[in-house]
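Please keep the sequence and the model in view while reading.

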Amino acid sequence: MAVSSVTVSISPMTQRQQDYYAKMASAYESMHVQPGDEHYIALEYVAALLPVVRAKTVLDVGSGTGRAIRFLRQRCPDLQIEGVEPVGELREQAQAPKTVIHDASGEDLPFHDGSFDVVIAFGLLHHVPDPAPVVTEMMRVARSGVMISDANRFGQGSTGAGMLKFAIHRTGLWPAFERFRTRGRGYMESEGDGIFYSYSIFDSMPQLQAWADRVFVIPTLPQKRFPLMQLATPHGLLVAFREPSGPGWAGC
């Protein structure tokens with residue numbers, strides 16, 4: 001299923017982020033994996049939705065230490081699942097037996113078109129300066145579905161702040177505003193998460209709508225305001241499915 005891939009040079013910022021994760025690899029699980037957290041909820045939904053498109057194969061982009069792989073193997077024992085992760089120290093921390101995690105990045109997936117039924121990414125895109133190429137690659141190697149579990153900037157902070165951010169986004173001025181807010185850097189940095197960027201799962205929705213037949217968002221954290229508005233969720237699972245074809249059902 002995998003094909004050879006041309007080595008792609010990475011930017012100094014990407015290298016800096018990878019160095020951060022290499023340094024934090026041994027503590028990654030304790031820092032980022034909590035029972036019942038938003039990604040756990042998202043994984044429960046992923047496991048329940050895989051049979052909808054009769055998925056038998058899954059690719060996890062940005063696998064880290066293999067959390068999603070372990071979870072889905074437990075829920076769906078017959079599922080064939082692989083991952084990609086560019087940080088060797090994180091791959092070495094993977095705790096799932098017989099886990100295949102390739103040395104590759106989301107911008108350059110070393111697989112043929114349509115190699116997997118479903119492609120997923122958990123907590124990856126807010127670490128990418130331009131998520132669009134990663135989403136493009138995910139769609140390329142997926143036959144039936146793409147699922148992204150990540151943040152939504154519009155649901156974070158107060159109601160007023162969310163409305164203001166959405167208004168700025170709609171005018172097309174968000175990149176300029178973000179550079180002003182971050183004093184020209186365009187990114188933020190923390191001890192617990194390294195380098196990260198302002199991202200919303202709704203940023204990737206137009207791309208997926210052009211590819212899929214059905215696109216929807218499942219909130220994975222409580223919505224404390226405007227409960228009927230998906231835009232108010234601070235974190236969610238973005239789901240894009242192509243219509244299944246052929247008789248019968250398969251999957252988990």
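What covers the buried residues of α4? In this predicted model, the cover includes the helices α2 (28–32) and α3 (38–49), together with the strands β1, β2 (80–84), β3 (101–102) and β4. The residues of α4 (residues 67–75) that are buried are Arg67, Ala68, Ile69, Arg70, Phe71 and Leu72. The points below place this helix in its setting, topic by topic.

**Overall composition**

- The chain contains nine helices and nine strands, and 49% of its 252 residues count as buried.
- Among the contacts in the chain with a separation of 6 or more, 71% are accounted for by residues 24 or more positions apart.

**The sheet**

- Seven strands form an open sheet whose order is β3-β2-β1-β4-β5-β9-β8, and the pairing within this sheet is mixed.
- The edge strands of the sheet are β3 and β8, each of which pairs on one side only.
- As a general point, the strands of a sheet pair through backbone hydrogen bonds, and the pairing is either parallel or antiparallel.

**Strand β1 and its two partners**

- Strand β1 is mostly covered, since five of its five residues are buried according to the under 20% cut-off for relative accessible area.
- From β1, Thr57, Leu59 and Val61 point one way, whereas Val58 and Asp60 point the other way, and all of these residues are buried.
- Strands β1 and β2 run parallel and are joined by five bridges; along this pairing leucine 59 stands opposite glutamate 82, and valine 61 has valine 84 as its bridge partner in β2.
- Strands β1 and β4 also run parallel, here with four bridges between them; in β4, valine 118 is the bridge partner of valine 58, and alanine 121 is the bridge partner of valine 61.
- Together with the helix α4, the strands β1 and β2 make a right-handed β-α-β unit.

- Strand β4 is largely enclosed by the rest of the structure, because seven of its seven residues are buried.
- Six bridges join β4 to β5, and these two strands run parallel, with phenylalanine 116 standing opposite alanine 142 in β5.
- A right-handed β-α-β unit is made by β4, α6 and β5.
- Within α6, the buried residues are Pro131, Val134, Val135, Glu137, Met138, Met139 and Val141, and what covers them includes β1 (57–61), β4, β5 (142–151) and α9 (205–211).

**Histidine 126**

- Histidine 126 is placed in the loop between β4 (116–122) and α6 (131–141), and this histidine counts as buried because its relative accessibility is 15%.
- The side chain of histidine 126 makes a polar contact, at 3.2 Å, with the side chain of histidine 127.
- When neighbours within four places in sequence are left aside, histidine 126 is in contact with Asp150, Asp193, Phe196, Tyr197 and Tyr199.

**Aromatic rings**

- A pair of aromatic rings is described by the distance of the centres and the angle of the planes.
- Across the whole structure, a search finds seven aromatic pairs; in one of them, the rings of tyrosine 20 and tyrosine 21 have centres 5.0 Å apart and planes at 75 degrees, so this pair is edge-to-face.
- Tyrosine 20 counts as buried at 15% relative accessibility, and tyrosine 21 is buried as well, with a relative accessible area of 10%.
- Phenylalanine 216 and phenylalanine 241 form an edge-to-face aromatic pair, with 6.4 Å from centre to centre and 85 degrees between the planes.
- Because phenylalanine 216 lies in strand β8 (residues 214–219) and phenylalanine 241 in strand β9 (residues 235–241), their pair ties together parts that are 25 residues apart in sequence.
- Phenylalanine 216 is partly exposed, with a relative accessible area of 28%, whereas phenylalanine 241 is buried, with a relative accessible area of 5%.
- The charged end of arginine 185 sits over the ring of tyrosine 187, at 5.0 Å from the centre of that ring.

Note on methods: Residues are numbered from 1 along each chain as its sequence is written. This is a predicted model: local features need pLDDT of at least 70, side-chain atom pairs count only at pLDDT 80 or more; totals for chains, interfaces and linings use all residues. Side-chain values use heavy atoms; hydrogens and water are left out. Buried means under 20% relative accessible area, exposed over 50%, partly exposed in between (1.4 Å probe, protein chains only). A polar contact is a pair of N or O atoms within 3.5 Å; within protein, one must be able to donate a hydrogen and the other to accept it, and residues adjacent in sequence count only if both atoms are side-chain atoms. Contact means heavy atoms within 4.5 Å. Two strands pair if DSSP finds at least two bridges between them. A crossover is right-handed if, with the strands pointing away from the viewer, the path from the first strand over the helix to the second runs clockwise. Rings of Phe, Tyr and Trp (its six-membered ring) pair if their centres lie within 6.5 Å; planes under 30 degrees apart count as stacked, over 60 as edge-to-face and the rest as tilted. A charge sits over a ring if NZ of Lys or CZ of Arg is within 6 Å of the ring centre and within 35 degrees of the ring normal.
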